[in-house]
Amino acid sequence: MDNGASSYRRFLYGDNEGLAEIVREYSDGLIFYINSYVQNISLAEEIMEDVFVEIALRKPVFKGKSSFKTWLYAIARYTSIDCLKKNSRYYDTPVDEMHNISDEQDLEKSYIREERKIQLHKVLSRLVPDYQQVLYLIYFENFSNSEAAKIMKKSDSQMKNLVFRAKQALKKELEKEGFEYEEL
């Protein structure tokens, strides 16, 4: 059982530190995943908070049919969809404002790495939402294809095709920007 599940179980038995551990561990990743749905980082942060409020107040049952992280991201997906249905209007925040990470060891390498991340997120934002989501789940959050399929409510074969098409679309967009990535 992964750490999230044990922390959640502790929370259910009255240890509020268990919920705090879950929030610390998963909040940043959830924000970026949710942002792939709503295309607004501020709204993504609010929805992430709603996900944790839902967990804290309703205490949904984690049955262990998937990893805790997969279960949590599925809740985030449903919460994002509900929010989009309720709020038909939302505003975009530039991707540039999302990246404030610094590396104290080597400033030049850090700067270059951050610029590439910004460019990658810009390119990702031009892809269709399903492509953004699948690439984020698999390559940024390290979900397996089957876990990402559960989160996105796709079959394994649909997920395989979606990953292939998403990688091809990303490669095409990166090439337009002058990048060549051998890993794609």
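Modeller: A cavity, as the word is used here, is a set of grid points where a 1.4 Å probe fits but cannot get out. The model is a predicted one, and a search of the whole structure finds one cavity of 30 Å³ or more. The volume of this largest cavity is about 30 Å³.

Its lining consists of Asn-3, Gly-4, Ser-7, Glu-21, Ile-22, Glu-25 and Tyr-26. Helix 1 and helix 2 each contribute at least two residues to that lining. Helix 2 provides the largest share, four residues.

Ser-7 belongs to helix 1. Its relative accessible area is 1%, and because buried means under 20%, Ser-7 counts as buried. The side chain of Ser-7 makes a polar contact of 2.7 Å with the side chain of Glu-21, which is itself a lining residue. If residues up to four places away in sequence are set aside, Ser-7 touches Gly-18, Leu-19, Glu-21 and Ile-22.

Side chains of opposite charge can pair when their charged atoms come close. The structure holds eight salt bridges. One of them joins the side chains of Glu-173 and Lys-176, with N and O 3.2 Å apart. Glu-173 and Lys-176 lie three residues apart in helix 8, so about one helical turn separates them. Within this pair, Glu-173 is buried at 14% relative accessible area, whereas Lys-176 is exposed at 58%. Elsewhere, salt bridges with shared partners bring Arg-10, Asp-15 and Glu-21 into one network.

Glu-17 is partly exposed, with a relative accessible area of 38%, and Arg-24 is exposed, at 55%.

The salt bridge between Lys-154 and Asp-130 has its closest N and O atoms 3.7 Å apart. This pair links distant parts of the chain, 24 residues apart: Lys-154 lies in the loop between helix 7 (145-152) and helix 8 (156-176), and Asp-130 in helix 6 (residues 129-140). Lys-154 is partly exposed at 29% relative accessible area, and Asp-130 is partly exposed at 31%.

Helix 3 also belongs to the surroundings of helices 1 and 2. The buried residues of helix 3 pack against helix 1 (3-12), helix 2 (16-38) and helix 4 (68-86). These buried residues are Ile-41, Leu-43, Ala-44, Ile-47, Met-48, Val-51, Phe-52 and Ile-55. Helix 3 (residues 41-58) has 18 residues and should span 26 Å at 1.5 Å a residue; its end C-alpha atoms are 25 Å apart, which agrees. Asn-40 caps the N-terminal end of helix 3, with a side-chain oxygen 3.0 Å from the backbone nitrogen of Ser-42. After helix 3 comes Lys-59, whose phi is positive, near 45 degrees.

Conventions. Residues numbered from 1 in each chain as written. Predicted model: local features only at pLDDT ≥ 70, side-chain atom pairs only at ≥ 80, totals over all residues. Heavy atoms only, no water. Salt bridge = Lys/Arg side-chain N within 4 Å of Asp/Glu carboxyl O. Buried < 20%, exposed > 50% of the residue type's maximum accessible area, 1.4 Å probe, protein only. Expected span 1.5 Å × (residues − 1). Contact = heavy atoms within 4.5 Å. Polar contact = N/O pair within 3.5 Å; in protein donor to acceptor, adjacent residues only side chain to side chain. 1 Å grid on protein atoms, 1.4 Å probe; cavity = no way out; pocket = protein on both sides within 12 Å on 5 of 7 lines; lining within 4 Å. Points joined across faces, edges and corners; volume = space filled by probe spheres on them.
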